[in-house]
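Please keep the sequence and the model open while reading.

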Amino acid sequence: QRPVPAVPALSAADGDGLRVTATLCESSLLSDSVLRLRLQPEHELPYRAGQFINILRDDGLTRSYSLASVPGLDAYLELHVRLVPNGRMSGWLKTLPIGQKLSLRGPAGECFYVAGRPEQPLLLLGSGTGLAPLLGIARDALSQGHRGPIALVHGGRSLSGLYYRQELAELALRHPQLSYQACVLDDAPD
């Protein structure tokens with residue numbers, strides 16, 4: 001598989017017109033409520049880590065998902081899908097077989113790393129699957145040589161909602177400028 005190339009960000013208006021088909025190459029549970037999808041676009045899909053894409057079903061149902069992958073580093077598009085009980089899109093995505101074709105629109109959004117101030121502190125704060133764009137942004141900043149402190153704070157209602165903890169702790173060990181903090185709203189045991 002080839003890495004997805006990095007390019008300048010597109011505006012939301014530009015993303016509305018970009019459509020591409022992608023193949024589902026991996027589907028796995030990151031927790032009891034988060035599904036990770038890795039997609040391989042059939043054609044180049046220029047994007048920035050932290051932007052979002054829309055998945056469109058044939059019946060018109062559309063949902064937006066942030067990109068956790070980093071162009072130039074990852075050979076796939078990575079999405080983190082919150083599994084909603086009786087969710088029309090998340091329930092459908094959970095049942096898809098590997099090799100399934102999906103229709104995508106985008107990318108869009110202006111939340112991404114901008115190089116040029118490598119000493120500037122970065123604060124990346126999110127909860128639940130809001131970790132997806134932050135993960136992409138942190139990895140992108142590190143890959144571009146960001147030297148300033150990067151604080152990544154991930155919150156969840158319970159401990160089970162804090163997925164990717166081990167991976168983020170290991171990333172912080174490899175990059176001293178990155179600190180990772182997990183926060184739980186309800187401290188009752190899961």
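Rings of Phe, Tyr and Trp (its six-membered ring) pair if their centres lie within 6.5 Å; planes under 30 degrees apart count as stacked, over 60 as edge-to-face and the rest as tilted. By this rule there is 1 aromatic pair. Tyr163 and Tyr164 form it edge-to-face, with 5.8 Å from centre to centre and 80° between the planes. Both Tyr163 and Tyr164 are buried (under 20% relative accessible area; exposed is over 50%, partly exposed in between, with a 1.4 Å probe and protein chains only).

The model is predicted: local features need pLDDT of at least 70 and side-chain atom pairs count only at pLDDT 80 or more, while totals for chains, interfaces and linings use all residues. Residues are numbered from 1 along each chain as its sequence is written, and side-chain values use heavy atoms, with hydrogens and water left out.

Next comes the sheet. Strands (E, at least two residues) and helices (H or I, at least four) are DSSP runs numbered from the N terminus, and two strands pair if DSSP finds at least two bridges between them. An open sheet of 3 strands runs in the order β7-β8-β9 with parallel pairing. β7 (122-127) and β9 (178-184) are at the edges with a single partner strand each, so one side of each has no neighbour in the sheet. β7 pairs with β8 (residues 150-156) in the parallel sense over 6 bridges. Leu125 has Val153 in β8 as its bridge partner. Helix α4 (residues 165-174) packs on the sheet and touches β8 and β9, where contact means heavy atoms within 4.5 Å. The direction of α4 makes about 155° with that of β9; axes are lines fitted to C-alpha atoms, for helices over the stretch in contact, and angles run from 0 to 180 degrees between N-to-C directions.

Charged side chains come last. A salt bridge is a side-chain nitrogen of Lys or Arg within 4 Å of a carboxyl oxygen of Asp or Glu, and the count is 7 salt bridges. One of them joins Glu26 and Arg36, with the closest N and O atoms 2.8 Å apart. Glu26 lies in strand β1 (residues 19-31) and Arg36 in strand β2 (residues 34-41), so the pair ties together parts 10 residues apart in sequence. Glu26 is partly exposed at 22% relative accessibility, and Arg36 is buried at 13%. Glu26, Arg36, Arg38 and Glu78 are linked in a network of salt bridges.
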